[in-house]
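Trainee: I have a structure open and would like to go through its contacts. Can you take me through it piece by piece?

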Amino acid sequence: MITTAGYELLITFIVLFIIFAIVGFMGRTFRRGDMSQLHEWGLGGRKLGTVLQFFLQGADWFTAYSILAIPSAVFALGAFGFFGVTYQAMVFTFASLFMPRLWKISREKGYITIADYARGEFNSIGLSLSIVVLGIFATLFYIALQVDGLYAILGTTLLESFHILPTSSAFKEYSLVILFIAFLVIAAFSFTSGVRGVSLGAIFKDVLVWTGLLTVIVATLYYTHGFTNLFSGMPSKYLSLPSTEALAFSSSMLGVVFSAYLWPHNITGSWAAQSEDRLLKGYSLTILYAIPLALADVMAIAVYKIPSVHSFVFQLPAASRGLYVIPGLLVSLVPPWLAGLALLGIFVGGLVPAALMAVTVGNMTGRDLARMVKANISAKGQTQVARWAAVIFTLLSLALLQVIPMTYAFQFYLVGAEIILQFLPIVVIHPFFKFIRKEFAIAGLWIGTLVSIFVTLYANHYKVISTTLYHDLYIGFIGLLINIIIVLISLAFPKKS
Amino acid sequence: MGSNGSKRNWIIVGIVTLLIFGVYAWPWYSSVNPTLAGLPFFYWWVIIWYVISSIILYSIVSLRVKGGAS
């Protein structure tokens, strides 16, 4: 039995999703290029200006998962959970440091992916293949996180419209069908429009998410009568960070800061910039995206203050409750149509990055793997392979999540993020100091990876991976330290010039 | 632009990077007071520096691109 409010919410959600799909397909004709060329399909012809860079970086970095999971952490842990937004300015400061140089190299030499770059710069197919394998592995489980967020949005929508509880078996069936349709749409518009479709989808998504976050902020402040009331009576860990958590806070932040723009899909988005100038301006403006996000994260505390939100969130099982904080604020405090709009914004907030990841995997498959199999593959052939690879990857990631339980997928993601950090010597150091020899680059990458995995398993007592900290130190850094020591050995074998 | 100019510009980029990392990397800002409109210092300090970081990074872009520091 559907209520009027539920009906309004549902209709808004569906109509906006259809518009989103149309916008994505329209990307094909946006600043038209020869879509049979890989740099046109897979990098949008490197034509994105400052504004589109802002929307694309914003959409791909501030994903559905970050919009839902950071408030979830603040709700459960207090100020410590805020680390997930505190690092944002550092992320783009660090990316600004090295990405322009990398952009220039990719443009001059015509590189499409970092595997492509590794092959050209180091003259090593082994290194290129290592990056493809590790990059695709990590990316696959990054999508898993997004799907976790998508479930929370669908859970809220179905609960509000049809009173179907996210724990029921009916929910599992319905959500799978809906996700399948959504992923099919994403696969189809990745196939036809590539990065152009992702960029247009990103604008649409960002507008809805900004509207949604601002709505949450204003509505929550209205109902709680300001910050003073919001924080009054809360335990001290919600007011500021306990000093015992300082090291863990700092090293968790820096782990993200140094790895963020090593993710292959973020590099794809950055290489799509029209010029160094547009790239850097895009980065500096994207930091502003963190303002509404950070304020919305603070609003997570309102769950304890507003009874209707409290009862919505606490009707759900403790394990998944946190992700329902922002949806709970929306459905309890704002009109249903506005809640539907914001929920759809967050929903496509998970799909847009997934589409960029699919395009990136497509690029790596078409450009790098295909050339390893068939050395003389044509430009058109590469693009064809890339497009189909994007489709297969999208559907494979959804299928995989039906086989692997979410808790395992999350563990693979944590390890994946440590692996991505091991790209740092190749991606960040090499463009500036060209001393690294390919043998040591490969050895550093793999040994850094294996050390990180081993220490992570050890730190979790070879049980479920729930932390990537060892004595409050981010474990990826231990791998990275060894990785850097190994690549430094290159200096003992000077290159002939 | 000669290499001296680009060296000077790289130093500016370095200072900006160190400044923003200095602001955020260690949570020395984890205190409740002074509050801003009821928001504890810990939160509003982080948020206000988004704006400052964004302005600083934006303002050095042309210096970097034209001055050979990119």
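Mentor: One term to begin with: buried means under 20% relative accessible area, exposed over 50%, and partly exposed in between. Keep in mind that this is a predicted model.

Trainee: OK. How many of the nine residues of helix H15 of chain A are buried, then?

Mentor: Eight of the nine residues in helix H15 (residues 290-298) of chain A are buried, so the helix is largely enclosed by the rest of the structure. The buried ones are A:Ala290, A:Pro292, A:Leu293, A:Ala294, A:Leu295, A:Ala296, A:Asp297 and A:Val298.

Trainee: What about A:Gln57, buried or exposed?

Mentor: A:Gln57 has 2% relative accessibility, so A:Gln57 counts as buried. A:Gln57 sits in helix H3 (residues 50-61) of chain A.

Trainee: Which side chain does A:Gln57 make a polar contact with?

Mentor: The side chain of A:Tyr261, at 2.6 Å. Leaving aside neighbours within four places in sequence, A:Gln57 is in contact with A:Phe62, A:Tyr261, A:Gly269, A:Ser270, A:Tyr283 and A:Thr286.

Trainee: Switching to domains. What does the domain assignment of chain A give?

Mentor: It gives domain 1 (4-403) and domain 2 (405-497) of chain A. The C-alpha centres of these domains of chain A lie 24 Å apart.

Trainee: And how many residues of domain 1 of chain A are in contact with domain 2 of chain A?

Mentor: 43 residues of domain 1 of chain A, against 33 residues of domain 2 of chain A. Between them the two domains of chain A bury about 3400 Å², with 80% of it on carbon and sulfur atoms. On the domain 1 side of chain A, the residues losing the most area to domain 2 are A:Phe122, A:Leu134 and A:Leu262, together 19% of what that side buries.

Trainee: How many residue pairs are in polar contact between the two domains of chain A?

Mentor: Seven, counting pairs with both residues at pLDDT 80 or more. Several helices of chain A give two or more residues to the domain 1 side, among them helix H6 (88-109), helix H7 (114-122) and helix H8 (125-162). H8(A) provides the largest share of that side, 15 residues. By class, the domain 1 side of chain A divides into 30 nonpolar, ten polar and three charged residues.

Trainee: How many salt bridges between the two domains of chain A?

Mentor: The count is one. The side chains of A:Lys434 and A:Glu121 form a salt bridge, 3.6 Å from N to O.

Trainee: Where is A:Glu121 placed?

Mentor: A:Glu121 is in helix H7 of chain A. At 17% relative accessibility, A:Glu121 counts as buried. Its side chain also makes a polar contact with the side chain of A:Lys109, at 2.9 Å. Outside the four places on either side in sequence, A:Glu121 is in contact with A:Ile105, A:Lys109, A:Tyr111, A:His430 and A:Lys434.

Trainee: How many salt bridges over all chains?

Mentor: The count comes to eleven. A:Glu40, A:Lys47 and A:Arg196 are linked in a network of them. A:Lys47 is partly exposed at 27% relative accessibility, whereas A:Glu40 is buried at 10%.

Trainee: Which residue does A:Lys281 form a salt bridge with?

Mentor: A:Asp277, with the closest N and O atoms 3.3 Å apart. Both residues lie in helix H14 (residues 276-286) of chain A, four residues apart, about one turn of the helix. A:Asp277 also meets A:Arg278 in a salt bridge, 3.9 Å from N to O. A:Asp277 is buried at 18% relative accessibility, and A:Arg278 is partly exposed at 30%.

Trainee: Now chain B. How many residues does the contact with chain A take?

Mentor: 31 residues from chain B and 46 residues from chain A. The two chains bury about 3300 Å² between them, 76% of it on carbon and sulfur atoms. B:Phe21, B:Tyr43 and B:Tyr50 supply 21% of the area that chain B buries against chain A, more than any other three residues.

Conventions: Residues numbered from 1 in each chain as written. Chains lettered and ligands numbered in written order. Predicted model: local features only at pLDDT ≥ 70, side-chain atom pairs only at ≥ 80, totals over all residues. Heavy atoms only, no water. Domains from an automatic or database assignment. Contact = heavy atoms within 4.5 Å. Buried area = accessible area lost by both parts, 1.4 Å probe. Salt bridge = Lys/Arg side-chain N within 4 Å of Asp/Glu carboxyl O. Polar contact = N/O pair within 3.5 Å; in protein donor to acceptor, adjacent residues only side chain to side chain. Nonpolar A, V, L, I, M, F, W, Y, C, P; charged D, E, K, R; others polar. Buried < 20%, exposed > 50% of the residue type's maximum accessible area, 1.4 Å probe, protein only.
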